[in-house]
Amino acid sequence: DHLAPNDGRTGGPLPDSFAADQWTLNKRIVARQTLLGIGSILPAFQGNVPDALRGAYPSANISKDGWLDGLDPLFSKISDMVLAELIADFGRTGFYEADGFFDHTQAPWLSGGRAGRKGREGSRPPPASAPQPARGGAARAAAVFASMRRADPKAVWVYQGWVFRAMSTTRKGHEYIRGFVGAAPAGRLVVLDMEAEAQEIWRNTESWHVERSRVAMISARVT
């Protein structure tokens, strides 16, 4: 993607024709890769939503920064619609990216309360090294993966592991990582250790605290 999927506003707006052309181009790319035996990763729903959704669903648990809680019933509904649309056009590729949870400190799935329209304005989030108990991350990770598996029973979740960088330095962070990563079944999660040139997180977390058969690790070292 050209913009981080959690960016709500970055210039623009681009014309509808741009989005249509990108969609058509990506369909050609995926089809060609499939023909060559190369896998493709489709973007699954990860919870970031437009501001207007709060007005349409005032009871939904949406943070002030625009993140819908993975345990909110609306999350599953939107996820099912997004993946149905993608698979209808691109087919089941088997690999689905849902990063989300970039900052494990600001959204309501950590505060335990509803953000609503006012959210947590004026409050400062806790440091990134102090996530909530592991069960919170595990429950939401399980919900995200379940949405993928409903759309594609053979789904493999692709996740950016750099998010765990700060967490890998504290005991509480290690507990959160263990719960989050362990929520996916064996062999159904690919963690991209994307900052391995600076810090090999998989080493600091004893291979993400799970058996090696559960997680496929891709470590990109820059030399």
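## Packing of α1 and α3

In this predicted model, helix α1 (residues 16-35) packs against helix α3 (residues 73-90). Their axes lie 10 Å apart, at an angle of about 60 degrees. The two helices are therefore oblique to each other.

The α1 side of the contact includes Trp23, Asn26, Lys27 and Val30. These meet Glu85, Leu86, Asp89 and Phe90 in α3. By class, the contact has four nonpolar, one polar and three charged residues.

## Aromatic pairs

The structure holds six aromatic pairs. One of them joins tryptophan 157 and tyrosine 159. Their ring centres are 5.7 Å apart and their planes stand at 80 degrees, so this pair is edge-to-face. Both tryptophan 157 and tyrosine 159 are buried.

Tyrosine 159 also pairs with phenylalanine 180. Here the centres are 5.2 Å apart and the planes are at 45 degrees, so the pair is tilted. Tyrosine 159 sits in strand β3 (residues 156-160) and phenylalanine 180 in helix α6 (residues 171-181), so the pair ties together parts 21 residues apart in sequence. Phenylalanine 180 is buried, as is tyrosine 159. Trp157, Tyr159, Tyr176 and Phe180 form one aromatic cluster.

## Confidence

Mean pLDDT for the chain is 77. Of its residues, 73% reach 70 or more. Confidence is highest in α3, at a mean of 95. It is lowest in helix α4 (residues 108-111), at a mean of 50.

Over residues 111-130 the pLDDT is below 50. Beyond near neighbours in sequence, that stretch has 34 contacts in the model. Residues 219-223 also have pLDDT below 50. This stretch has eleven contacts beyond near neighbours in sequence.

Terms used
Residues numbered from 1 in each chain as written. Predicted model: local features only at pLDDT ≥ 70, side-chain atom pairs only at ≥ 80, totals over all residues. Heavy atoms only, no water. Axes fitted to C-alpha atoms, helices over the stretch in contact; angles between N-to-C directions. Helix = DSSP H or I, 4+ residues; strand = E, 2+ residues; numbered from the N terminus. Parallel < 35°, antiparallel > 145°, perpendicular 65-115°, else oblique. Contact = heavy atoms within 4.5 Å. Nonpolar A, V, L, I, M, F, W, Y, C, P; charged D, E, K, R; others polar. pLDDT = per-residue confidence, 0-100. Phe/Tyr/Trp six-rings, centres within 6.5 Å; stacked < 30°, edge-to-face > 60°. Buried < 20%, exposed > 50% of the residue type's maximum accessible area, 1.4 Å probe, protein only.
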